[in-house]
Amino acid sequence: MANLPYGVFSAGDRAPTAPTAPRVGVRIGDSVLDLLPVLGEQVFAESSLNAFMAQGRTRWRDVRARITELLTDERHRAGVEAALYPLSGVRLHRPFEVGDYVDFYASENHAANVGRLFRPGGEALMPNWKYLPVGYHGRSGTVVVSGTAVSRPNGQRPGEGAPTFGPSQRLDFEAEVGFVVGVESPPGSPIGVDAFADHVFGAFLVNDWSARDIQAWESRPLGPFLAKSFATSISPWVVPLEALAHAQVRPPPQDPEPLPYLSGRDHWGLDLELEIRLNGQVISRPPFATMYWTPAQMLAHLTVNGASTRTGDFYASGTVSGPDREQRGCLLELSWGGAEPLALPDGSVRSFLEDGDEVTITATAPAADGGLIGFGAVTGRILPGNGRPIG
């Protein structure tokens, strides 16, 4: 009962009752608990989590406590069992309506590796990197739920003397963790580090697909554009922050000391262990606990200029990478820009993704009872540039 992640589901022909419209549920093992009949509140009949998330931290805590009571009190067994759907018989939807989307670059290991690849012989980190969480605005309209196929993007690529145009030849994944805003903030009202848990509803997994060749050509001077905007995949389950209380850890030492607006009492480093599979084969296990900037600091920086937030806004950590090769969170690092192709357990080799490849990212966190909390997987399969399915 430590996890209780929220999602949005609809029950189809394989459901034990009549098909349902998309509505809010909680995952219980291999089942989904329909919250509308057991809690009797219209907010759970919505096709997204937004209305519930907007109700705030006290309400989140109360509902979680009520669900726990229903699941542990024998008097409620019949009602709970009647509202359970087998996971195999439901369709999972994007869990919330996305407002704005910001992607950060918060892993020192990842940033340093990218710096060494792109600026050999130079400083691995840019001068500003240890003073602020670097980020950029993504495209919310192309955020898709896990299981949605991703077409290989077209764009301009570096060439001899002039760029070429066509499908990306250096398509990559990025294993990240996302955080969704529940309680909004008005313009001109920055969110301090210690107010993080009052505004952020929960966490989930993200794959921010990246076309490295398109990115290399277009990124200077303003940063990523078409190389990132074609698709971002998110998991269908949002783990509430309260479930991650036992996973809180102190982040790595920050030197120089952060500016006052990036400092606070609470340590929101998180002990999450990610796992990346390519075509079913484990290729990396990145540790989120090594992230230099915490999600609370990211939110504080995102709003320090007075930018507002809305329910359903989310931001992602950027690629999660550890210090070892088997902990790197993208193929750019794992293959060292293609110079050291990655050998998979089945004998195949990858520098970047090929058509038909499927990437799955999962994660676990420690629970208060000594067990593990699982994050819902985020999975995506690459289609050719023309979007036709693989035969």
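Predicted model: local features only at pLDDT ≥ 70, side-chain atom pairs only at ≥ 80, totals over all residues.
Empty space comes first. Rolling a probe the size of a water molecule over the atoms shows where empty space is left. The largest pocket has a volume of about 910 Å³. Its lining counts 31 residues, and the closest to its centre are Tyr-105, Val-114, Gln-215, Ser-219 and Pro-224. Four elements each give at least two residues to this lining: strand E6 (101-104), helix H5 (108-118), strand E7 (135-137) and helix H7 (212-218). The largest share comes from H5, with four residues. By type, the lining of the largest pocket has 16 nonpolar, eight polar and seven charged residues.

The second largest pocket has a volume of about 300 Å³. Here 21 residues form the lining, and Val-102, Phe-104, His-137, Leu-302 and Ala-307 are the closest to the centre. E6 and E7 each supply at least two residues of this lining, and so do helix H9 (295-303) and strand E22 (314-316). The lining of the second largest pocket divides into 13 nonpolar, six polar and two charged residues.

Is Arg-212 buried or exposed? Arg-212 has a relative accessible area of 7%, so it is buried, the limit for that class being under 20%. Its side chain makes a polar contact of 3.3 Å with the side chain of Gln-215. Gln-215 is also among the residues closest to the centre of the largest pocket.

Beyond its neighbours within four places in sequence, its contacts include Ser-168, Arg-170, Asp-172, Phe-173 and Glu-174. Lys-228, Cys-330, Leu-332 and Phe-352 are also in contact with Arg-212.

**Salt bridges**

Side chains of opposite charge can pair when their charged atoms come close. How many salt bridges does the model contain? The count comes to 22 salt bridges.

| Pair | Closest N to O distance |
|---|---|
| Arg-59 and Glu-41 | 2.1 Å |
| Arg-94 and Glu-97 | 3.4 Å |

Next comes the salt bridge between Arg-59 and Glu-41. It too links distant parts of the chain, the partners being 18 residues apart. Arg-59 sits in helix H3 (residues 57-72), while Glu-41 is in the loop between helix H1 (35-39) and helix H2 (50-53). Glu-41 has a relative accessible area of 27%, so it counts as partly exposed.

The last pair in the table is Arg-94 with Glu-97. Arg-94 is partly exposed, at 25% relative accessibility. Glu-97 is partly exposed as well, at 44%.

Some salt bridges share partners. They join Asp-172, Glu-174, Asp-208, Arg-212 and Lys-228 into one network. The buried Arg-212 is thus part of that network.

**Backbone features**

Most residues other than glycine have a negative phi, and most peptide bonds are trans. Some places in this model depart from that pattern.

A cis peptide bond joins Arg-220 and Pro-221, with omega about 10°. Pro-221 lies in the loop between H7 and helix H8 (226-229). Another cis peptide bond joins Asp-255 and Pro-256, again with omega about 10°. Pro-256 is in the loop between strand E18 (248-249) and strand E19 (269-270).

Which residues other than glycine have a positive phi? Leu-4 is one of them, with phi near 55°. Leu-4 is placed in the segment before strand E1 (6-11). Its relative accessibility is 4%, so Leu-4 counts as buried. Asn-279 is another, with a positive phi of about 55°. Asn-279 belongs to the loop between strand E20 (273-278) and strand E21 (281-284). At 33% relative accessibility, Asn-279 counts as partly exposed.

Definitions and conventions. Residues numbered from 1 in each chain as written. Heavy atoms only, no water. 1 Å grid on protein atoms, 1.4 Å probe; cavity = no way out; pocket = protein on both sides within 12 Å on 5 of 7 lines; lining within 4 Å. Points joined across faces, edges and corners; volume = space filled by probe spheres on them. Nonpolar A, V, L, I, M, F, W, Y, C, P; charged D, E, K, R; others polar. Buried < 20%, exposed > 50% of the residue type's maximum accessible area, 1.4 Å probe, protein only. Polar contact = N/O pair within 3.5 Å; in protein donor to acceptor, adjacent residues only side chain to side chain. Contact = heavy atoms within 4.5 Å. Salt bridge = Lys/Arg side-chain N within 4 Å of Asp/Glu carboxyl O.
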